[in-house]
Amino acid sequence: MAQTTISVRMDDRLKKDFDNVCNELGLSMTTAITMLAKKMTREKRIPFEVSVDPFYSDENMARLRKSIAQMEQTGGIIHEVDFDDQSLDR
């Protein structure tokens with residue numbers, strides 16, 4: 001069977017961590033990526049859950065920026081907490 005080469009760009013730290021995990025599993029990175037490609041091809045889906053981390057939502061980022069501004073204005077001494085927000089677990 002003919003083979004081809006692909007090039008993947010990723011953060012250097014991610015590549016090192018990925019390589020370490022592959023080595024611990026007794027796999028090369030090429031084998032791990034080939035396994036992923038075969039599973040996706042066979043199942044016609046990404047074989048793991050993909051979701052957005054709600055921490056990085058626009059609403060939460062705005063709230064964090066406001067909180068940081070409050071702390072910077074008071075030297076980190078006074079910080080208001082909005083307990084009226086129903087999305088916060090108490």
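**Salt bridges and helix packing**

Glutamate 43 and lysine 39 both belong to helix H2, 4 residues apart, about one turn of the helix. The model is predicted. Within it, the side chains of glutamate 43 and lysine 39 meet in a salt bridge, at 2.7 Å from N to O. Lysine 39 is partly exposed, with a relative accessible area of 29%. Glutamate 43 also counts as partly exposed, at 28% relative accessibility. Both values fall in the range between the limit for buried, under 20%, and that for exposed, over 50%.

Glutamate 43 has a further partner. Arginine 45 forms a salt bridge with glutamate 43, and the closest N and O atoms are 3.0 Å apart. The relative accessible area of arginine 45 is 43%, so this residue is partly exposed. Through shared partners, salt bridges join Lys39, Glu43 and Arg45 into one network. Side chains of opposite charge can pair when their charged atoms come close.

Helix H1 holds another pair. Aspartate 17 forms a salt bridge with arginine 13, with 2.7 Å between the closest N and O atoms. Aspartate 17 and arginine 13 both lie in H1, 4 residues apart, about one turn of the helix. Aspartate 17 is partly exposed at 35% relative accessibility. Arginine 13 is likewise partly exposed, at 47%. Over the whole structure, the search finds 4 salt bridges.

The two helices also pack against each other. H1 spans residues 12-24 and H2 spans residues 29-43. Their axes are 9 Å apart and meet at an angle of about 90°. Angles of 65 to 115 degrees count as roughly perpendicular, and H1 and H2 are therefore roughly perpendicular to each other. On the H1 side, the contact is made by Lys15, Phe18, Asp19 and Cys22. On the H2 side, the residues are Met29, Ala32 and Ile33. The residues of this contact divide into 5 nonpolar, no polar and 2 charged.

Alanine 37 is also placed in helix H2. Its relative accessible area is 38%, so alanine 37 is partly exposed. The C-alpha atoms of alanine 37 and proline 47 are separated by 9.9 Å. Along the chain, alanine 37 and proline 47 are 10 residues apart.

Notes. Residues are numbered from 1 along each chain as its sequence is written. This is a predicted model: local features need pLDDT of at least 70, side-chain atom pairs count only at pLDDT 80 or more; totals for chains, interfaces and linings use all residues. Side-chain values use heavy atoms; hydrogens and water are left out. Axes are lines fitted to C-alpha atoms, for helices over the stretch in contact, and angles run from 0 to 180 degrees between N-to-C directions. Angles under 35 degrees count as roughly parallel, over 145 as roughly antiparallel, 65 to 115 as roughly perpendicular and the rest as oblique. Contact means heavy atoms within 4.5 Å. Ala, Val, Leu, Ile, Met, Phe, Trp, Tyr, Cys and Pro count as nonpolar, Asp, Glu, Lys and Arg as charged, and the others, Gly among them, as polar. Buried means under 20% relative accessible area, exposed over 50%, partly exposed in between (1.4 Å probe, protein chains only).
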